[in-house]
Amino acid sequence: MSADELATALTTGGAGWLVLSVSAILPILWSFAMIMHFARPYVIRFLQSLTLRFGGDVWWLSYVLMRDALLGIVLAMSVIMLMPNLYIGLGLPLTGPLAVVVLFWALVVKLVRDADDDPRAFSLVSVLLVIASVLYIVPQVYGLEAADQVDWLGQFGLGGVPAALSATSGDPVVVNGLAWPILIISLVLFALTAAGLFLRFVMRMGRSEAPAA
Amino acid sequence: MTPDQVSGLFDAGEGFIEGTIGAALVVLWLLALGLFMARPYMAGNVHKFSLRLGADLWWIIYIALRDLFVVQIFLGSFIFFYPDVVTGKELPVTGGLAAVCAFAVLVIKLVKGDSDLRWFRAQVGLLALGATLYIVPYFLGVQVTQIGNDVTNQLAATLVSSQNPDWALAFCYLSAVLVGVLAAIAVGYNLRQASGKARLDLSKKETR
């Protein structure tokens, strides 16, 4: 192998390794984000036990900061699912792009409504987050991370599950028939949601945002 | 260097990271259990502060550290839900079940809190069970694979996930199901709290 070929192999291999590592870490980040979101009753219960408003504010702002930052980080890292070269080329989780869209919707609900004080908004965000996390975690764990278990799963008639849950699979590589439609629908929905959010922002610009004291 | 060696390099990197997570989890389990058992010491110190601010901060830091360690244990243990990882790497065979124990502690905290002594005992019991399910197969299985005598070989064949793939896969899928059930309980509890009378009891506004 020449120096150029070695450099190309290392950078290409490194890029693939990085993307697949992000893809493997995302279920962990998803779980962290879900734990923080659904820990709200526990956090509020502890808040009630604090004797000073200062302590309560420190506790609450730390919680909200971590919870919302995690959701933002998950969305930012999940954007790789919307990139055709990575999603199709590396065979990422089949419903990963849809998970990005649903997570984006959950964040939009948080942005346009007060999910902390409006129980219906909180329920809506919770349901959207559960759907998005299932759409990502299930195909990642039982598709990509179970690709070597085809024989073991075959004993139970489930040998086709890993391939069915990945955008591409096998050697030679076969593209899942649902991969392109899912990617295109997700890209369209993501773009429409982003455009709608931007239009709303522009139309409401200049209106008072500060809550009544 | 050949293309196979390049991919082997990255596979080795992945194995190194997973092996490091496996070793770090031992420390995390011990720290979490230690912080739980340090509760009387922490509570005793709260009364020694001359300012309420100091006492509040001391208690907040203790609770946040203690609970975040349990969360970190569960997140680190996520590798035990990946079938290819548990069958391909030398990990404790019951690591997934230990993760279920950590997650159960979090769900009990969410639903019952820490003030009920019975449920706090249940949390400590589950944490001790989880630590045992993780640390025992790690020390007696994963850490004896290179000793090479009959006893250690037999222990490794039973307690190391890559050498006992049938058990490892069964525990992997069972753990995922149990975590799914516990997660559904947590989601249901949150949605119940967000509606009806329960919401009034937990209103943030009342506390601030």
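Trainee: Among contacts in chain A between residues at least 6 apart in sequence, what percentage join residues at least 24 apart?

Mentor: First, what a contact is: two residues whose C-beta atoms, placed from the backbone, lie within 7 Å. In chain A, 64% of the contacts between residues at least 6 apart join residues at least 24 apart. This is a predicted model, where local features need pLDDT of at least 70 and side-chain atom pairs count only at pLDDT 80 or more, while totals for chains, interfaces and linings use all residues. Residues are numbered from 1 along each chain as its sequence is written, and chains are lettered from A and ligands numbered from 1 in the order in which they are written.

Trainee: Which secondary structure elements does chain A have, and in what pattern?

Mentor: Helices (H or I, at least four residues) and strands (E, at least two) are DSSP runs, numbered from the N terminus. Chain A has nine helices and two strands, in the order α-α-α-α-α-α-α-α-β-β-α. Its C-alpha atoms occupy a box of roughly 65 × 40 × 40 Å along the principal axes.

Trainee: Which residues of helix α2 of chain A are buried, and what covers them?

Mentor: Buried means 20 or more other C-beta atoms within 10 Å of the residue's own; exposed means 12 or fewer, partly exposed is in between, and C-beta atoms are placed from the backbone. By that count, 36% of the 213 residues of chain A are buried. In α2(A), residues 40-49, the buried ones are A:Arg40, A:Pro41, A:Tyr42, A:Ile44, A:Phe46 and A:Leu47. Their cover includes α1 (3-38) and α3 (53-78) of chain A, along with α3, α5 and α8 of chain B.

Trainee: How many residues of chain B are in contact with chain A?

Mentor: There are 39 residues of chain B in contact with 44 of chain A. On the chain B side, α1, α3 (52-76), α4 (83-88), α5 (95-112) and α8 (165-193) each supply at least two residues, and α3(B) gives the largest share, eight residues. That side divides into 23 nonpolar, nine polar and seven charged residues (Ala, Val, Leu, Ile, Met, Phe, Trp, Tyr, Cys and Pro count as nonpolar, Asp, Glu, Lys and Arg as charged, and the others, Gly among them, as polar).

Trainee: At what angle do the axes of α1(B) and α6(B) cross?

Mentor: Packed helices are described by the angle and the distance between their axes. The axes of α1(B), residues 3-37, and α6(B), residues 117-140, come within 10 Å and cross at roughly 155° (axes are lines fitted to C-alpha atoms, for helices over the stretch in contact, with angles from 0 to 180 degrees between N-to-C directions). So α1(B) is roughly antiparallel to α6(B), the word for angles over 145 degrees. Among the residues making the contact are B:Trp29 and B:Phe36 of α1(B) and B:Tyr134 and B:Tyr138 of α6(B). The contact residues comprise 13 nonpolar, one polar and no charged.

Conventions. Parallel < 35°, antiparallel > 145°, perpendicular 65-115°, else oblique.
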